[in-house]
Amino acid sequence: MPRDTLTGSRIRERRTILGLKQADLARQAGISASYLNLIEHNRRRIGGKLLLDLAEILKVEPSILTEGAEAALIAALREAAGTLRGNAAELDRVDEFAGRFPGWARLLAEAHARVETLERSVETLSDRLAHDPQLAGALHEMLSTVTAIRSAATILNEPEAIDPDWQRRFHRNIHEDSARLAESSRSLVSYLEAEGKAARESGTPQEEVTAVFEAAGYHFPSLEKGQDPETLAEELGAELSGNARILLRQALSTYAEDALALPLKPLLAAVSQDGADPLALLQRFGCDPARAMRRLAALPAEAACGPVGLAICDASGALTFRKPLPDFPIPRFGADCPLWPLFPALSRPMAVLSRRVRLAGRQGGAVRAWAVAQPAGLPQANRDPIFEAHMMITPAGPERGGEETELVGATCRICPRAHCPARREPSLLGDAAEQVP
């Protein structure tokens, strides 16, 4: 049902919220109760002075009655319905549902957002437990110490008499192990608390720089206006480590060069017409694909193209930059899935790869991944170029003719074909698991 035909439903909803009887509202508006009943059941169109009078009585803006639920709420409901396979949600009536029951609609949208957040938190924690060496070492030490204490206590609890000298040894061991356990616990708590500080999540210079970009929303308006990147690096990197400050200067210098080559205003105009398409930017501005991907990922949040993620890796496959998306999280610890287009691009330098992919085992939607590998830095005589790969990620639109959605893993250490995570989940993904190349 079109949104403009639900004005009556919104009038009824607002009247109910205010505790007004239908007859009372009709009397105040100067119409009959039977006519108001027809309006509230969307059997009579309404506009002009009557709409303004009803809006004034109901203490709302007329646009609230005519336009109804915000587009963002309806989009959130459609997204929630799209995450469950085989659901029977009436998508053609989602606007009617949001208009008649805005409270329930907001509740469902917020619940879906919360589930998505919790899923990402579980994935992040699972990834850290599997790959974070400091966390794994601390937990291993704690478990080993607890086992030693339990073993000594079990021996002391035996009914047989134990030599006093041995008893003193066991007591000393328990005392020393308990002190070590307390210290390990304090160290682990301190480490986890430090993880809450964005600037030092992992202690590596690269993570410190990533935290600076995250805090800025990956967009630096001052650099867009021509500020010297060295000056901005000094301001933002005052509390960073020495190596992190070097990396930050390099990253901000690259950002400034990209902004000079692709100025923000014409870039936004191009994106409003072509969307987040790096090849379209390449043809329009004559830039290289990697620069187009970096600029799209650095657009402000209100840009018309929607969210854009980015991952950059060096020739060894190690990630040097990450900007994840809700439907495509990029783990901070451990290796990433070798099926991501980012890594095959290294074996096909200068070729732009475009894939529609989805993370196996997630309820989220598919994403469009663009990837390219280009030489890093300027060419040098008699030296082979060192390549780095860029992968840009955007929410995927409808499947193109003959195109399949490839399933990839969220995080991998090795990827034997028979044990690929995308092939391990037929119970969740059905026949789609066979789409993995």
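Guide: Two strands pair if DSSP finds at least two bridges between them. Helices (H or I, at least four residues) and strands (E, at least two) are DSSP runs, numbered from the N terminus. Here strand 1 and strand 5 (residues 387–395) pair in the antiparallel sense over five bridges.

Visitor: What kind of model is this, and how are residues numbered?

Guide: This is a predicted model, in which local features need pLDDT of at least 70, side-chain atom pairs count only at pLDDT 80 or more, and totals for chains, interfaces and linings use all residues. Residues are numbered from 1 along each chain as its sequence is written, and side-chain values use heavy atoms, with hydrogens and water left out.

Visitor: How many helices and strands are in the protein chain?

Guide: The protein chain has 18 helices and six strands. Of its 437 residues, 39% count as buried (buried means under 20% relative accessible area, exposed over 50%, partly exposed in between, with a 1.4 Å probe and protein chains only).

Visitor: What is the order of the strands in the sheet?

Guide: The order is 2-1-5-4-3-6, in an open sheet of six strands with mixed pairing. Strand 2 and strand 6 (406–408) are at the edges with a single partner strand each, so one side of each has no neighbour in the sheet. The twist averages 30 degrees from one strand to the next. Axes are lines fitted to C-alpha atoms, for helices over the stretch in contact, and angles run from 0 to 180 degrees between N-to-C directions.

Visitor: Which residues are the bridge partners of C313?

Guide: In strand 2 the partner is L319. In strand 5 the partner is A389. Strand 1 (residues 309–313) pairs with strand 2 in the antiparallel sense, over four bridges.

Visitor: Is strand 2 mostly covered or mostly uncovered?

Guide: Strand 2 (residues 319–323) is mostly covered, with four of its five residues buried.

Visitor: Which helix packs on the sheet?

Guide: Helix 17 does, touching strand 1, strand 2, strand 4 (367–375) and strand 5. Contact means heavy atoms within 4.5 Å. The direction of helix 17 makes about 135 degrees with that of strand 4.

Visitor: How is a pair of packed helices described?

Guide: By the angle between the two axes and the distance between them. Take helix 16 (residues 278–285) and helix 17 (residues 289–297): their axes come within 9 Å and cross at roughly 115 degrees. That makes helix 16 roughly perpendicular to helix 17. Angles under 35 degrees count as roughly parallel, over 145 as roughly antiparallel, 65 to 115 as roughly perpendicular and the rest as oblique.

Visitor: Which residues make that contact?

Guide: P278, L281 and L282 of helix 16, with P289, A292, M293 and L296 of helix 17. They divide into seven nonpolar, no polar and no charged. Ala, Val, Leu, Ile, Met, Phe, Trp, Tyr, Cys and Pro count as nonpolar, Asp, Glu, Lys and Arg as charged, and the others, Gly among them, as polar.

Visitor: At what angle do helix 13 and helix 14 pack?

Guide: Helix 13 (residues 229–236) and helix 14 (residues 242–261) pack at about 140 degrees, with axes 9 Å apart. They are therefore oblique to each other.
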